[in-house]
Amino acid sequence: MPKQTNSIVHPRYGCSIGAAYTVLAIERAIPIINCSPGCVDKQYTMLSGQNGYQGAGYGGGGAIPSVNIGEREVVFGAAKKLDALVKSTLRIIDGDLFVVLSGCVSELIGDDVEGVTREYAEKGKPVIRSDVAGFKGNNLYGHEQVVIDIIDQYVGDYGKDEPKQKKLINVFTEVPYFNTFWRGDYTEIKRILEGAGYTVNILFGVDSGGVSEWKTIPKAEYNIVLSPWVGLRIAKHLEKKYQTPYLHYPVIPIGEEATTEFIHNVLKFTKASRAQVAKANKFIAEEARIYYYYLEHFTEFFAEFWFGLPSKFAIVADATYNIAITKFLADQMGLIPLKAIITDNTPEKHREFLRELYKNLTEGVSVDVDFIEDGYVIEQEIENVDFGSAKPFIFGTSWEADVAAKRKAQLIRIGTPTTDRLVVNKSYVGYRGALSLIETVYTAAVGGQP
């Protein structure tokens, strides 16, 4: 086991108040920050400004309203100041949902945030609260918590006897902004499921209907958790609250084989009709035709240059992208994984399940996975990998630039932080995203900029 430390060098996630960017990923939803000065600005820097330069969006970045709790509020409380801020925000910013996010200081001094937000809710104002102090967890915890709070306080109850909308699915997958390529990935995931005949609540980003789509969450027949662990807490909550069954699909599919298998699993889980299965198979056939057309032309390049291309790799990423990309590279591209490091502080209860996923990446190929948050230890681990004499790949973040240079490896940035790539709508998942990933990997392999 790698040596553990009591500090974290080179962080790869934000604190729980980073849930502000989960809120901002919902069209016309506005976060209101009840914490100390600078807290949420640091989250913007980590999750957006230095993570593909994703932008602040409407109501984000420097425009986020904040109480900016100081010494006076610590002594006398910040409830009055928060009330004034909510009042002015409602007057100045045109939004459909306002979420008060309380950080460490607010929770430590015991502000009556619930009392403040309840008064507005009783007046019919779309104002809710979420307690996401940094000492409770990182931004992945904050993401799950704020989603649950929006569901409980804004979406509300739905009777057991009220009808469900046929073929409607809620999807819980990558964490907005934190997963660098979330926008493009969400688009591809929704496109795939719609191609298979479903109506999809994707909930975040340009392909979502904003807060009106959130109101339809209780009407869904099914939920899908498309990640190793993030979103499971949400799905279990919805199962209890709305009696909605969920499918946990831990590896986001990349490539034709994996994506087709994913669709068939969803069809089976939802007990799709013969007509829907026929429609889905038609969609799959067309996607496969297009995918293999491009792959056939790629193989001409691969056959010409394969002898000099990297064949081994290490990967440093959050659990969601780590297992998805590792499995695709090993199973579909024939690359050999030598080191896998998960950096998102995966809860202990999920770790053994994740370890099992790496034991059968493809026939005869497996790799042990380590859970490490400290960048110093990560760098030491990669320095000790025996890549042989050939140039390897390192899939990671901008923090891995130095160790990649030391190991004469080609670095491909796939996660937080990514400081030297602009990400607009790039996707690496599904049918189309796989082709983009192949382009990125082998552009880097021949010396280009990925």
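Mentor: Accessible areas come from the Shrake-Rupley method with a 1.4 Å probe, and for residues only the protein chains shown count as cover. The model is predicted: local features need pLDDT of at least 70 and side-chain atom pairs count only at pLDDT 80 or more, while totals for chains, interfaces and linings use all residues. Residues are numbered from 1 along each chain as its sequence is written, and side-chain values use heavy atoms, with hydrogens and water left out.

Trainee: What share of the accessible surface of the protein belongs to carbon and sulfur atoms?

Mentor: The accessible surface comes to about 19500 Å². Of this area, the part that belongs to carbon and sulfur atoms is 51%.

Trainee: How many helices and strands does the protein have, and what is its radius of gyration?

Mentor: Helices (DSSP runs of H or I, at least four residues) and strands (runs of E, at least two) are numbered from the N terminus. The protein has 17 helices and twelve strands. The globule rule, 2.2 Å times the number of residues to the power 0.38, is compared with a radius taken over C-alpha atoms. The rule gives 22 Å for 450 residues, so the protein is as compact as a globular protein of that length, with a radius of gyration of 22 Å.

Trainee: Which residues have the most contacts inside the largest nonpolar core?

Mentor: A nonpolar core is a set of buried Ala, Val, Leu, Ile, Met, Phe, Trp, Tyr and Cys residues joined through side-chain atoms within 4.5 Å. Buried means under 20% relative accessible area, exposed over 50%, and partly exposed in between (1.4 Å probe, protein chains only). A core of 112 residues is the largest, and those with the most contacts inside it are L101, W214, I263, Y358 and F395.

Trainee: Where does I414 lie, is it buried or exposed, and which residues does it contact beyond its sequence neighbours?

Mentor: I414 lies in the loop between β12 (410-413) and α17 (430-445). With a relative accessible area of 1%, I414 is buried. Contact means heavy atoms within 4.5 Å. Leaving aside neighbours within four places in sequence, the contacts of I414 are T180, F181, I315, A317, Y321, I325, F395 and G396.

Trainee: Which peptide bond is cis, and where is P417 found?

Mentor: Most residues other than glycine have a negative phi, and most peptide bonds are trans. The bond from T416 to P417 is cis, with omega near -5°. The place of P417 is the loop between β12 and α17.

Trainee: What is the phi of Q243, and how exposed is this residue?

Mentor: Q243 is found in the loop between α10 (232-242) and β7 (246-248). Although Q243 is not a glycine, its phi is positive, at about 60°. Q243 is partly exposed, and its relative accessible area is 38%.

Trainee: Is K408 buried or exposed, and what is its relative accessibility?

Mentor: K408 lies in the loop between α16 (401-406) and β12. Its phi is near 55°, a positive value in a residue other than glycine. K408 counts as exposed, with a relative accessibility of 64%.
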